[in-house]
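Please consider the following note alongside the coordinates. It is arranged as numbered points.

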Amino acid sequence: MNIYEKAKKYLQEQGFQSAEVIGEKGNEGLYIDVWNDRLEDTISIRIHDEEVKYLADQYKMHNP
């Protein structure tokens, strides 16, 4: 399991069921859907790679 998949699992454990890894290996990204009040719709945002590393570390700490 790579860092994107670990971060995805951690986000899903925290209630972000929309977390998804998208892209080819080596060019993947972690995205979540969030509600935008102004647009009255959900938008998909990419999680920065530094945050992905942090979230993956959180997953490892909670799932030894």
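The points below go from the overall fold to individual residues.

1. Basis of the note. This is a predicted model, in which local features need pLDDT of at least 70 and side-chain atom pairs count only at pLDDT 80 or more, while totals for chains, interfaces and linings use all residues. Residues are numbered from 1 along each chain as its sequence is written, and side-chain values use heavy atoms, with hydrogens and water left out.

2. Overall architecture. The protein chain contains 2 helices and 3 strands, arranged along the sequence as α-β-β-β-α. Helices (H or I, at least four residues) and strands (E, at least two) are DSSP runs, numbered from the N terminus. The C-alpha trace spans about 40 × 25 × 15 Å along its principal axes. Of the 64 residues, 23% count as buried; buried means under 20% relative accessible area, exposed over 50%, and partly exposed in between (1.4 Å probe, protein chains only).

3. Helix packing. Helix H1 (residues 3-13) packs against helix H2 (residues 49-62) at an angle of about 70°, and their axes are 7 Å apart. H1 is therefore roughly perpendicular to H2, the classes being under 35 degrees for roughly parallel, over 145 for roughly antiparallel, 65 to 115 for roughly perpendicular and oblique for the rest. Axes are lines fitted to C-alpha atoms, for helices over the stretch in contact, and angles run from 0 to 180 degrees between N-to-C directions. The crossing of H1 and H2 is left-handed, a term used if the near helix is turned anticlockwise from the far one by less than a right angle, right-handed applying if clockwise.

4. Tyr54 belongs to helix H2 and is partly exposed, at 46% relative accessibility. Its C-alpha atom is separated by 9.2 Å from that of Ile3, a residue 51 positions away along the chain.

5. The structure holds 2 salt bridges, each defined as a side-chain nitrogen of Lys or Arg within 4 Å of a carboxyl oxygen of Asp or Glu. One of them joins the side chains of Glu20 and Lys8 (3.6 Å, N to O). Glu20 lies in strand S1 (residues 20-22) and Lys8 in helix H1, so the pair ties together parts that are 12 residues apart in sequence. Both count as partly exposed, Glu20 at 37% relative accessibility and Lys8 at 21%.

6. Lys60 pairs with Asp57 in a salt bridge whose closest N and O atoms are 3.4 Å apart. These residues are separated by about one helical turn, because they are 3 residues apart in helix H2. Lys60 is partly exposed at 44% relative accessibility, and Asp57 is partly exposed at 37%.

7. Backbone at Glu40. Which residue other than glycine has a positive phi, near 50°? That residue is Glu40, in the loop between strand S2 (29-36) and S3. Glu40 counts as exposed, at 63% relative accessibility.

8. Surface patch. Leu39, Ile43 and Ile45 form a nonpolar surface patch with about 240 Å² of accessible area together. Patches are made of residues with over 30% relative accessible area and no salt bridge, like charges being joined within 9 Å and nonpolar side chains (Val, Leu, Ile, Met, Phe, Trp, Tyr) within 5 Å. Accessible areas come from the Shrake-Rupley method with a 1.4 Å probe, and for residues only the protein chains shown count as cover. Ile43 is in strand S3 (residues 41-47) and counts as partly exposed, at 31% relative accessibility.
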